Amino acid sequence: GTHTAGPMCILGKIFKSKIIYIETFANRNRKTATGRLVYPIADLFIVQWESMLELYTNAVYGGWIY
C-alpha cells in the first residue's frame with residue numbers, strides 16, 4: 001500500500017534501482033496516492049485498466065495482474 005510501496009520505491013531510486021510499479025486493480029478511473037508519487041520515478045509503470053492509460057500516458061497496459 002501507500003505507506004510501504006511509495007517510500008520503498010523512492011529509497012530504491014536513491015540507490016539507483018530500477019523501479020517497476022503495478023497500479024492497483026481497485027481503481028479504474030482515478031490516480032492513487034502511491035501512483036502519483038511513484039509515476040514520475042518509475043522505469044516501468046503498469047496499469048491494469050486500459051482507461052488508466054489516459055491518466056498515466058507513459059504507462060503500459062498489463063491487463064489484470066493479481
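Helices (H or I, at least four residues) and strands (E, at least two) are taken here as DSSP runs, numbered from the N terminus. The structure is a predicted model, in which local features need pLDDT of at least 70 and side-chain atom pairs count only at pLDDT 80 or more, while totals for chains, interfaces and linings use all residues. Residues are numbered from 1 along each chain as its sequence is written, and side-chain values use heavy atoms, with hydrogens and water left out.

The protein holds two helices and three strands, arranged along the sequence in the pattern α-β-α-β-β. Its C-alpha trace spans about 30 × 20 × 20 Å along the principal axes. Buried residues (under 20% relative accessible area, against over 50% for exposed and in between for partly exposed; 1.4 Å probe, protein chains only) make up 32% of the 66 residues.

Helix α1 covers residues 2-14, and its 13 residues reach 18 Å from the first C-alpha to the last, close to the 18 Å expected at 1.5 Å a residue (the expected span being 1.5 Å times one less than the number of residues). Gly6, Cys9 and Gly12 are buried in α1. Viewed down the axis of α1, the buried residues fall within an arc of 130°, so they line one face of the helix; the arc is that of the directions from the helix axis to the C-beta atoms. These buried residues of α1 pack against β1 (20-22) and α2 (33-38). On the face turned away from the buried side, α1 carries the exposed residues His3, Thr4, Met8 and Ile14. After α1 comes Lys16, with a positive phi near 65°.

Key
Contact = heavy atoms within 4.5 Å.
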